[in-house]
Amino acid sequence: MSAYDELVPVLKKLRLSGLLQSLEVRCREAADANLSLTEFLYRLLADEVERRDGKQLDVRMRRAAFERPSTLEDFDFSFNTSVPRTKVLELGTCTFVERHENVLVVGPAGVGKSHLAQALGQRACRAGHAVLYVSAHDMLTQLRASRADNSYERRLLRFTTPTLLIIDDLGLRPLTGEEGIDLYEIVRRRYERTATCITSNRAMEEWPPLFGDALLASAAMVRLLHHAHVLTIEGDSYRNPPPAKRTRAPRSAQVETIER
């Protein structure tokens with residue numbers, strides 16, 4: 001039995017079987033380039049680190065439940081000049097996530113709110129953060145249903161524990177029943193512990209009535225706006241652009257890649 005054959009069960013026992021994917025290539029490289037043992041070992045282990053990082057990223061992206069791949073690189077900032085490009089690029093570094101700050105994106109339908117929110121979420125995933133994307137309607141529907149089977153606290157954890165929670169389309173419809181209380185509870189539990197991004201077609205002054213109670217609304221809005229970045233977007237819809245903009249290529253790559 002060769003040394004290679006003896007090495008295979010040892011790597012598997014140490015849970016390093018992923019090294020087998022590049023071991024043969026690295027051995028040939030070491031021989032051809034006359035690498036030192038230390039350099040050979042470093043390159044081999046670096047391959048395993050890269051493989052594991054990629055696998056963990058795939059898991060984070062899957063758990064985030066994004067609707068579609070959305071990046072800052074394919075967002076066309078020239079379509080609507082009201083989009084604060086410099087601010088968005090700053091948020092793209094994900095320091096707001098590390099500081100447990102909020103991002104509130106408001107504007108009419110079709111101006112790119114969901115795209116920007118999901119792009120920031122995908123940046124956060126690549127930075128190693130746990131992210132969850134959910135529409136406001138789905139989130140509140142899940143919480144309402146959880147009361148029927150006594151799983152409310154467990155379901156609430158789903159929305160309060162991610163490092164970054166993205167709530168899309170808040171206020172698209174009026175909140176009913178105990179939905180205002182549920183929304184407040186999520187805001188309260190996440191306050192200064194995690195980061196939250198919310199998009200809405202409603203202007204900020206229209207948010208308090210959604211809670212159905214002035215005191216509840218005040219408590220929620222104070223927490224949301226403290227440490228918050230508010231992006232107000234106006235302009236034409238990407239989905240139904242005016243004739244003058246219909247010949248524009250869709251969301252071409254117009255953003256510099258931000259290296260972390």
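User: What are the ground rules for numbering and confidence?
Analyst: This is a predicted model, in which local features need pLDDT of at least 70 and side-chain atom pairs count only at pLDDT 80 or more, while totals for chains, interfaces and linings use all residues. Residues are numbered from 1 along each chain as its sequence is written, and side-chain values use heavy atoms, with hydrogens and water left out.

User: What makes a space a cavity, and how many cavities of 30 Å³ or more are there?
Analyst: On a 1 Å grid over the protein atoms alone, a cavity is a set of points where a 1.4 Å probe fits but cannot get out; a pocket is an open set with protein on both sides within 12 Å along at least five of seven lines. By that rule there are two cavities of 30 Å³ or more.

User: How do you know the volume of the largest cavity?
Analyst: Grid points are joined across faces, edges and corners, and the volume is the space filled by probe spheres set on the points. For the largest cavity this gives about 80 Å³, and for the second largest cavity about 30 Å³.

User: What makes a residue part of the lining of the largest cavity?
Analyst: A lining residue has an atom within 4 Å of a point. Those of the largest cavity include His100, Asn102, Tyr191, Arg223 and His227. Helix H9 (179-190) and helix H10 (214-225) each supply at least two of the lining residues; helices (H or I, at least four residues) and strands (E, at least two) are DSSP runs, numbered from the N terminus.

User: Why are three residues of that lining called nonpolar?
Analyst: Ala, Val, Leu, Ile, Met, Phe, Trp, Tyr, Cys and Pro count as nonpolar, Asp, Glu, Lys and Arg as charged, and the others, Gly among them, as polar. The lining of the largest cavity therefore divides into three nonpolar, six polar and three charged residues.

User: Which residues line the second largest cavity?
Analyst: They are Glu90, Leu91, Thr95, Phe96, Arg99, Glu101 and His229. Helix H4 (85-91) and helix H5 (95-98) are the elements that give two or more residues to this lining. By class there are two nonpolar, two polar and three charged residues.

User: What is the volume of the largest pocket, and which residues are closest to its centre?
Analyst: The largest pocket has a volume of about 270 Å³. Of its 19 lining residues, Arg68, Ser114, His115, Asp168 and Arg239 are the closest to the centre. Helix H6 (113-126), strand S2 (131-135) and strand S3 (164-170) give two or more residues each, with H6 supplying the largest share, three residues.

User: What lines the second largest pocket?
Analyst: Among its lining residues are Arg60, Arg63, Val131, Leu132 and Pro162. The second largest pocket holds about 180 Å³ of space.
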